[in-house]
Amino acid sequence: MQTDIIIIGAGVIGLSTAYHLALQNSKQRIIILEKEKFHGAGSTAQCTGGIRYQFTNPINIQLTQISYPYFLRFVADMHYPIYFRRRGYLFVTTSQERWHELHEIHNQLDAFKVPSQLFNREEIHTVYPFISTSDLLGGSYCALDAYADPYGVMEGYYRQCRKLGVQVLCNAEVTDINVKNNHVTSVLYKPTNRPISPTTEPNEINATVVINTAGPHLHLLARMAGLELPVAPYRRQVYVCSPMPIIPAQVPLLVDLDTGFYLHVEKNGVLLLGGTDRDIAPGLETVVDRGRLTDFIATAIKRVPALEDAQITRIYTGIRSLTPDGLGILGETKIKSLYCVGGFGGNGFMHAPAIGLITACLVLGKQPPLDPTPFSPNRFTDATLAEKALF
Ligand SMILES: Cc1cc2nc3c(=O)[nH]c(=O)nc-3n(C[C@H](O)[C@H](O)[C@H](O)COP(=O)(O)OP(=O)(O)OC[C@H]3O[C@@H](n4cnc5c(N)ncnc54)[C@H](O)[C@@H]3O)c2cc1C
């Protein structure tokens, strides 16, 4: 079998990439191979849907600037609801160093003409009395920071991809990527929905271009082609709690930058809490670690004392893939026509529109809306942290 472009992984990034490719060049044959039974069952399914402008690195702000209009137009363009709401993010800190970083973010946003505010502890206390502020130096708030439903966005892309002729093969696990004369040539995959005997030959699809968007499996797929990418999967535990009247549905997404703790209120008032598992070892294991509960609750209560009465209804685990410098990976690898796109950590959903667009431009030889060099998969020689506002 022969096609023009194979995309590995039907998460929000693979689907956004396929959508932009199909939109820009309707003649290309595009196949997405997805190992799960359904599209969007990877990290995208566990994502909490935050969208923010507040970053220290201008290139991340640019990615939000490119993506934001897509979210605003999504329902009109993609005919699928995404419950987009501007709710703001509020970052708070007790640390002088992080307070300095929040000033840095504020100045960056000023330069981009994105309105943001720095609050002192009294102002935070007045507006958000449920937050414990006595030890805080202050906080940073951007009213344009927002929320959208990750399932809606992923499904919208999926449906448009299908309309534009993209073929999505689920239950198809890629097992190898073939390379000849330093040029990608084909992909092997096996069905995951029926037993196969050891002697069954895997299916092979020849392709001119292969795009690896395998999310937390990005590095494993890259390895199939002989590439080592320093991107690794990290568990993220989410605590789902019943609504609490003291925490209104309209509050911003609160992030305690010192501990990583975040509080996010869903559209129905349900609370999603998490963010304190920054010390976790890499791995693809998604089992919930209940041993972390006591420490987590202590950290949460310290910032939001009312959470002492929170009713945890469910705990689940998702995986984020992170790079050593905190920036994602996007571009052609040292192997010709093999692209790797991922490692965007906690920003892969909000930046998916821009990531898909930029990848499509690179593949089709068009001018991308920003210079993607900082995301190059071939950049990993300098270990300096390129983004500081991470949680
Ligand atoms: C708890 C949590 C909260 C988050 N919150 C936010 C947030 O608020 N805002 C934000 O922007 N981001 C957030 N993220 C990050 C975001 O979810 C990810 O960056 C984004 O979903 C990555 O999309 P993806 O398409 O790269 O990966 P995925 O959705 O994981 O898609 C990759 C796909 O590749 C498939 N695949 C893997 N290996 C193979 C193979 N061998 N063959 C075929 N298919 C394969 C997988 O099955 C999967 O479907 C959060 C993540 C987690 C875990």
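User: In this predicted model, what comes just after α3?

Analyst: His 79 does, with a positive phi of about 60°.

User: What makes α3 a helix with the expected span?

Analyst: Its 21 residues would give 30 Å at 1.5 Å a residue. From first C-alpha to last, α3 reaches 29 Å. That is close to the expected value.

User: Where does α3 bend, and how is that bend defined?

Analyst: The bend is at Leu 72, by about 50°. Axes are fitted to the seven residues ending there and the seven starting there, and the bend is the angle between them.

User: Which residues of α4 are buried, and what do they pack against?

Analyst: Arg 98, Trp 99, Leu 102, Ile 105, Gln 108 and Leu 109 are buried. They pack against α3, β5, β6 and β7. After α4 comes Lys 113, with a positive phi near 60°.

User: Which residues have the most contacts inside the largest nonpolar core?

Analyst: They are Ile 5, Ile 6, Leu 15, Ala 18, Leu 33, Cys 161 and Val 210, in a core of 69 residues.

User: Why is this core said to lie between domain 1 and domain 2?

Analyst: Both domains give residues to this core, so it lies between them. Apart from it lies another core of 39 residues, among them Trp 99 and Tyr 262.

Conventions:
Residues are numbered from 1 along each chain as its sequence is written. This is a predicted model: local features need pLDDT of at least 70, side-chain atom pairs count only at pLDDT 80 or more; totals for chains, interfaces and linings use all residues. A residue is buried if 20 or more other C-beta atoms lie within 10 Å of its own, exposed if 12 or fewer, and partly exposed in between; C-beta atoms are placed from the backbone. Helices (H or I, at least four residues) and strands (E, at least two) are DSSP runs, numbered from the N terminus. Two residues are in contact if their C-beta atoms, placed from the backbone, lie within 7 Å. A nonpolar core is a set of buried Ala, Val, Leu, Ile, Met, Phe, Trp, Tyr and Cys residues joined through C-beta atoms within 7 Å. Domain bounds come from an automatic or database domain assignment. The expected span of a helix is 1.5 Å times one less than its number of residues.
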